[in-house]
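Have the structure open as you read.

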Amino acid sequence: MSNAFEVNFDGLVGPTHNYGGLSYGNVASQSNSQVSSSPKEAAKQGLAKMKALMEMGFKQGVLAPQERPNVAVLRSLGFTGSDAQVIARAAKEAMPLLAASCSASSMWTANACTVSPSADTADRRVHFTAANLNCKFHRSIEHPTTSRVLGAMFASEQHFAHHAALPAVTQFGDEGAANHTRFCKSYGEAGVEFFVFGRSAFDSRFPAPQRYPARQTLEASQAVARLHGLSEEGVVYAQQNPSVIDQGVFHNDVIAVGNGEVLFYHQDAFLDTDKVLAELGDKLARQGGRLQAVCVPRDAVTVDDAVRSYLFNSQLLTRADGSMLLIVPEECRNNGNVWNYLQQLTAGNGPIREVKVFDLKQSMQNGGGPACLRLRVALREDELEAVNPGVIMTPGLYDTLVAWVDKHYRDRLSESDLADPQLLIECRAALDELTQILKLGSVYPFQLA
Ligand code: SUG
């Protein structure tokens with residue numbers, strides 16, 4: 001069997017990064033609404049994480065941002081005239097729509113799609129299903145461009161299969177890899193894909209949250225598993241605890257993270273935890289693996305601590321010696337309970353041996369931590385060779401992207417700046433250059449018109 005790796009494709013933060021207060025149920029997004037942002041700093045914080053992981057020896061890629069403001073969406077909502085007139089009218093008559101059409105939310109690439117590695121799928125290709133993200137308007141407009149960008153990155157039909165987003169109705173609400181974790185003995189072997197959903201669309205026996213929306217449905221997860229040709233023995237479905245959704249856990253990756261044979265999770269993350277762990281353990285054992293469940297007790301870290309610090313929105317990475325490293329946001333160091341817990345965790349004999357801290361404040365203020373910013377794709381060596389090499393991070397690409405950000409990004413952006421017609425011109429110039437840097441071809445609406 002050829003070697004296999006996990007490659008993290010991080011979202012490059014787009015030039016319109018701002019705090020629009022667009023995500024009801026996401027505490028950070030709601031509480032930072034209208035704060036002024038720094039797109040330049042945001043993009044550089046993300047790039048610094050990519051560079052650091054690359055330098056540690058992990059395989060790292062980059063996923064391009066989207067065209068914003070999304071003038072085509074504003075036109076579809078009835079705004080007419082030149083591009084500048086469309087933006088001016090939306091700013092005057094419907095600021096929330098302009099804000100949504102400007103969101104740089106595609107940076108959180110854990111929500112771009114769900115990925116199943118070839119070892120798990122019936123046709124032995126890597127499968128991608130773009131997420132419809134239809135719980136939030138500003139995110140529901142991402143998937144057409146996401147599909148084009150993924151197609152340009154993973155173009156080989158021999159190795160990669162792409163599925164369009166599920167029907168855009170609430171019954172099939174799908175948030176991609178943020179609610180999907182793959183467990184395996186090693187990346188190249190068949191594993192168990194763990195789908196966590198917030199509610200069922202058709203079966204009222206599953207309790208729903210009372211306060212905030214459950215974005216992912218069971219039916220969406222099941223459809224993705226079918227599209228990818230996953231076997232029943234290779235899939236486990238689990239319901240997220242509705243009470244944690246009501247406390248601000250809008251995706252499973254805000255309360256649990258897994259990698260290899262390890263599940264790192266909060267005591268309150270799931271409903272029927274014992275049953276879930278038993279099924280996961282059994283199925284992984286049948287694939288030759290041994291589940292190691294690391295439970296964080298609520299007495300040590302509360303759900304509120306988890307939501308504020310994003311402890312679980314960390315990247316759990318396997319180092320060359322087989323031990324694991326946790327990449328956490330700085331907010332974890334600022335929370336006493338979480339930081340104490342992490343000291344104990346790494347001092348013990350468990351699989352997680354080291355913690356590294358990153359400053360991702362610009363993204364964190366919108367509820368996006370280290371894990372939100374990356375899409376994990378497990379690839380065999382020959383599959384990695386079939387990926388568009390333009391999107392694989394290298395020291396040279398890092399330098400080029402930093403210079404590109406310096407040239408095109410603003411230092412500050414506030415809500416009133418979104419109405420500036422010059423912003424659209426700046427963004428298109430930046431993205432046109434980016435598609436050449438990353439060798440993506442034409443993927444944006446303004447390039448296809
Ligand atoms: O969908 N925030 C994103 C954060 C996504 C985090 N992703 C994962 N957990 N994988 C969301 O709620 C806020 C945008 C704003 O308010 O301007 C936003 O879309």
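This is a predicted model: local features need pLDDT of at least 70, side-chain atom pairs count only at pLDDT 80 or more; totals for chains, interfaces and linings use all residues.

Start with a cut-off: when two axes make an angle over 145 degrees, the pair counts as roughly antiparallel. Keep that in mind for the helix pair below.

**A helix pair**

Helix α2 (residues 39-55) and helix α15 (residues 395-408) have axes that come within 10 Å and cross at roughly 175 degrees. By the cut-off, α2 and α15 are therefore roughly antiparallel to each other. On the α2 side, the contact is made by Lys 40, Ala 43, Lys 44, Leu 47, Ala 48, Lys 51 and Met 54. From α15 come Pro 395, Tyr 398, Leu 401, Val 402, Val 405 and Asp 406. Sorted by class, the contact of α2 with α15 has 9 nonpolar and 4 charged residues, with no polar ones.

How many cavities of 30 Å³ or more does the structure hold? There are 7 of them.

| Space | Volume | Lining by class |
|---|---|---|
| Largest cavity | about 330 Å³ | 13 nonpolar, 6 polar and 5 charged residues |
| Second largest cavity | about 160 Å³ | 4 nonpolar, 13 polar and 2 charged residues |
| Largest pocket | about 600 Å³ | 13 nonpolar, 11 polar and 8 charged residues |

Take the largest cavity, with its volume of about 330 Å³. It has 24 lining residues, and the closest to its centre are Glu 6, His 180, Thr 181, Arg 182 and Arg 376. At least two lining residues each are supplied by β6 (180-183), β9 (256-259) and β15 (374-380). The largest share of that lining, 5 residues, belongs to β15.

Which residues does Arg 376 touch once its neighbours within four places in sequence are left aside? The contacts are Glu 6, Val 7, Asn 8, Val 115, Thr 181, Gly 258, Asn 259 and Leu 316. Glu 6 and Thr 181 also turn up among the residues closest to the centre of the largest cavity. The C-alpha atoms of Arg 376 and Pro 117 are 9.9 Å apart, although 259 residues separate the two along the chain.

Now for the largest pocket, at about 600 Å³. Of its 32 lining residues, Tyr 187, Leu 317, Thr 318, Arg 319 and Gly 322 lie nearest the centre. Two or more residues of that lining come from each of β1 (4-11), β12 (315-318), β13 (324-329) and β14 (352-358). With 4 residues, β1 gives the largest share.

**The annotated site**

The second largest cavity has a volume of about 160 Å³. Its lining counts 19 residues, with Ser 23, Asn 26, Trp 108, His 138 and Asn 366 closest to the centre.

As for Glu 175, its place is in the loop between β5 (160-163) and β6.

Conventions: Residues are numbered from 1 along each chain as its sequence is written. Side-chain values use heavy atoms; hydrogens and water are left out. On a 1 Å grid over the protein atoms alone, a cavity is a set of points where a 1.4 Å probe fits but cannot get out, and a pocket is an open set with protein on both sides within 12 Å along at least five of seven lines; lining residues have an atom within 4 Å of a point. Grid points are joined across faces, edges and corners, and a volume is the space filled by probe spheres set on the points. Ala, Val, Leu, Ile, Met, Phe, Trp, Tyr, Cys and Pro count as nonpolar, Asp, Glu, Lys and Arg as charged, and the others, Gly among them, as polar. Axes are lines fitted to C-alpha atoms, for helices over the stretch in contact, and angles run from 0 to 180 degrees between N-to-C directions. Angles under 35 degrees count as roughly parallel, over 145 as roughly antiparallel, 65 to 115 as roughly perpendicular and the rest as oblique. Contact means heavy atoms within 4.5 Å.
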